[in-house]
Amino acid sequence: MKLKNSYFYTLREDVKDEESLSGKLLVRSGMIKKVGAGIYMYLPMGLKVLDKIKKIVKEEMDAAGAEEVLMPSLIPSEYYETCGRIEALGKSMFHLSDRFDKPFVLGPTHEELFTIAAKSKVNSYKDLPFTIYQMADKFRDEPRPRYGLIRVREFIMKDAYSFDRDEKGLDISYNKMKEAYNHIYDRLKINYKIVKADTGVMGGSLSEEYQAITNIGEDVLVLCDSCDYSSNIEVSEVVSKEIKEEEKKLELVETPNKESIEEVSSYLNIPKSKCVKAMLMNVNDELVTFFIRGDRELNLNKACKLLKVSDITFADDELISKSNAVPGFTGPINLNSKIVVDREILSMHNFCCGGNKEGYHYINANPKDFKYDAFGDISNVLEGDICPVCGGKLYFKKGIEIGNLFKLGTKYSTKLGLTYLDENNKSFPVVMGCYGLGIGRILASIIEQNNDENGIIFPLSIAPYQVCIVVIDTKNEEQVNIANKLYEDLKSKGIDVLLDDREERPGVKFKDMDLIGIPLRITVGKKVTDNIVEVKERTNSEFTEIKIDNVINFVSDYLKKH
RNA sequence: CGGGAAGUGGCUCAACUUGGUAGAGCACUACAUUUGGGAUGUAGGGGUUGCAGGUUCAAAUCCUGUCUUCCCGACCA
C-alpha cells in the first residue's frame, strides 16, 4: 500500500476518551474510532491487523479439522427460551422486535444455534464426532464497557463447538482445540497462562481460560511458585493449615466504636487472620450472614454455588433489622439469621468476632460456640496461601481473558433433543464442548504487551505491514524511483509492504511508522547515490546500511528468521 | 445501577470561581524559508460552547432537567 492518497491518518495526542494504553494507541494510530461506549469502527490499518489475527485463527481451526460456518446475529428469542437462557443471560442480551412485535435478540453466544445445526446432521454414532466454528459478531449489553477493545458490546468472536458421542470423545476433541489454541497464541506471540475457571452461564463441567498477562487485566490469576497450578481466583480453592492450640475461655470484651476488622484488630492487638468478619448479604430477599477470616474477601462466585443461587447482593438496613445483627459488631454466636461459614473458620481457634451488641466483640471464640446452616469454601485465596496441589506458595498475576474452553457435556443436547443412536439402537444425547476466543481482545492484549514510548510494537505475524519504506525526500526523483522499485519488488515476493511516499518531513514519517508498529523499516535517503539504503527494526535504534540490490534478500531472510 | 470526573472548531485544552457575546497549541489552506526523529514565520478558513428549558438588558459562565463519555465496584471473549 502507498500512503499518498490513502485514508491513513494518525493523531499526535492521546484522546481523552481512552484511558487504557491499548485503547489510546489504537485510536491514535487511526486503527479504530469510537462510536459509543464499547462500540468501535475498525479503520483500514486496524482491520488489516484484525484480518491477520483472524487468518491465523482460521488456519489453526482448519488444521484441527474444524469446519467454518456462519450464524446470524439477529435471532428469534424463542431459540434462547428452550434452555432457559433468556433468564440466565438476563440483561446482557440485546432485545428487539420486528414490525409484528415478534421478539428477537442479537446473539450474545451461539450454543443453541450450533446445537440445532448439529441436529440436521446427527442421527447415528457414525455421524460423530465433528467440530464446527464461526467467526462472527457477538452482542452483549455489558454493565460497563471499558478499556478500549477489551470490554465492548459488539465484538468478533471465534466460537467453535464440538460434538461427540461420549466423554472420552469430548476429551479428544477438547484437547485438539486446546492444542490449536496453544498454536494460535504462540503464533500471536502472546504472553499467556491457561487457568482453571468457572463455567458460568455456559454451564458444563470444566472450563479453562487463556489469560493474557497484563496489568490492565480484569482477572486475578492464582499461580504457584513450585508447580504449574494456575487458576482464576474465582474458583481457586482456599487451603488453610489448622494451627492447633488449646481452646481458651470465651469472653465478651468492650470495643467502643471499633467496627471494621482493621480497627478491632489493632484495638485488641489481634492479627486480622485471627478475627472473623461478617458479611450481611441478601440471598433471594433473605438475610444470610457469611463468616470468613478477617483478612479475606468473600468470593461471591463460590458463595452462589454453595447455596445454589444465581445472585447475592449486600443486604439493606431493612433486611438487617429483621435480625439481631449489629453492623460492625456482627458475630456468629447467638445470631438469629441464616449463617454460612467459611470452612476455614471451622479449623480456627480462639478467634475474635462480633458480639451482636453495639460496642462489643468476643475474643477466644471457637467453632463449638455457635451453630451454622452451611459451610464451604467461600472466600478468596490470598497471596502466600498454600497451593492446593503441591503445598507450595501461591502468588497472583493479572490477566485478560482472551479465550476459553468449556466442556459443556449434554446440557444443550438434552434440552434441544440432539441425540444419536448407538450400536444397540439406543438413544443418547450428544456430548458437546465449546471454545471461544475474542479477536478484538486479542488485538488489544497484544498491544498492551508490546509497546514503548513511540507506540505499538507489533509482532511480525500480525503487523499491518511487515515492512515499510520511508522516502526521505519526495522531491528527489532518484529516491522516489528507488523506493517505488523496492516497493514493487518486495510486493512481487509476496511481502506485505507499506510505502510512505507522503510529502511529509522525515520525522513525521518515522514517528508514524513507529506508532503503528511496523516491524521493519527501509529508509531511502541521500545514500541512494551510492546504491545504499538503511534497514531498521522497530525495536532497535540502530540501523544497517544495505546495498539496494541486497534488500530483497535481506528482507526475505529476516522474515524467514523471525 | 451506586460512587467520582468531564462535555467548548477535527484533536488536546483555556476562559466558568467573580455573567458583557469565545482563545491557544496541534491539524488544515496559501506563500516564504526549511528538510534524517512530530520545523519556523506571515496570512487565512473553521465553533448555534452536548441538548432543552429557566434567571438576566446580557449566559460557555448562574439555576433546573436531560443526554453522552471516562474512572472505581457486580458480568465476560
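**Entry 1**

I began with a definition: helices (H or I, at least four residues) and strands (E, at least two) are DSSP runs, numbered from the N terminus. I noted that this is a predicted model, in which local features need pLDDT of at least 70, side-chain atom pairs count only at pLDDT 80 or more, and totals for chains, interfaces and linings use all residues. Residues are numbered from 1 along each chain as its sequence is written, while chains are lettered from A and ligands numbered from 1 in the order in which they are written.

**Entry 2: domains and cores**

I found that the domain assignment of chain A, where bounds come from an automatic or database assignment, gives domain 1 (21-236 + 396-447), domain 2 (251-376) and domain 3 (465-561). The C-alpha centres of domain 1 and domain 2 lie 38 Å apart.

Next I looked at nonpolar cores, each a set of buried Ala, Val, Leu, Ile, Met, Phe, Trp, Tyr and Cys residues joined through C-beta atoms within 7 Å; buried means 20 or more other C-beta atoms within 10 Å of a residue's own, exposed means 12 or fewer, and partly exposed is in between, with C-beta atoms placed from the backbone. The largest core has 93 residues, and Val467 and Ile518 are among those with the most contacts inside it. Helix H6 (residues 167-187) gives the most to this core, with seven residues. Domain 1 and domain 3 both give residues to this core, so it lies between them.

**Entry 3: a sheet and a loop**

I traced an open sheet of five strands in the order S16-S14-S15-S17-S20, with mixed pairing, where two strands pair if DSSP finds at least two bridges between them. Strand S16 (313-314) and strand S20 (374-376) stand at the edges, each with a single partner strand, so one side of each is left without a neighbour in the sheet. Two bridges join S14 to S16, and these strands run antiparallel; Asn282 stands opposite Thr313 in S16.

Last, I checked Gly391, which is found in the loop between S20 and S21 and is exposed, with 12 other C-beta atoms within 10 Å.
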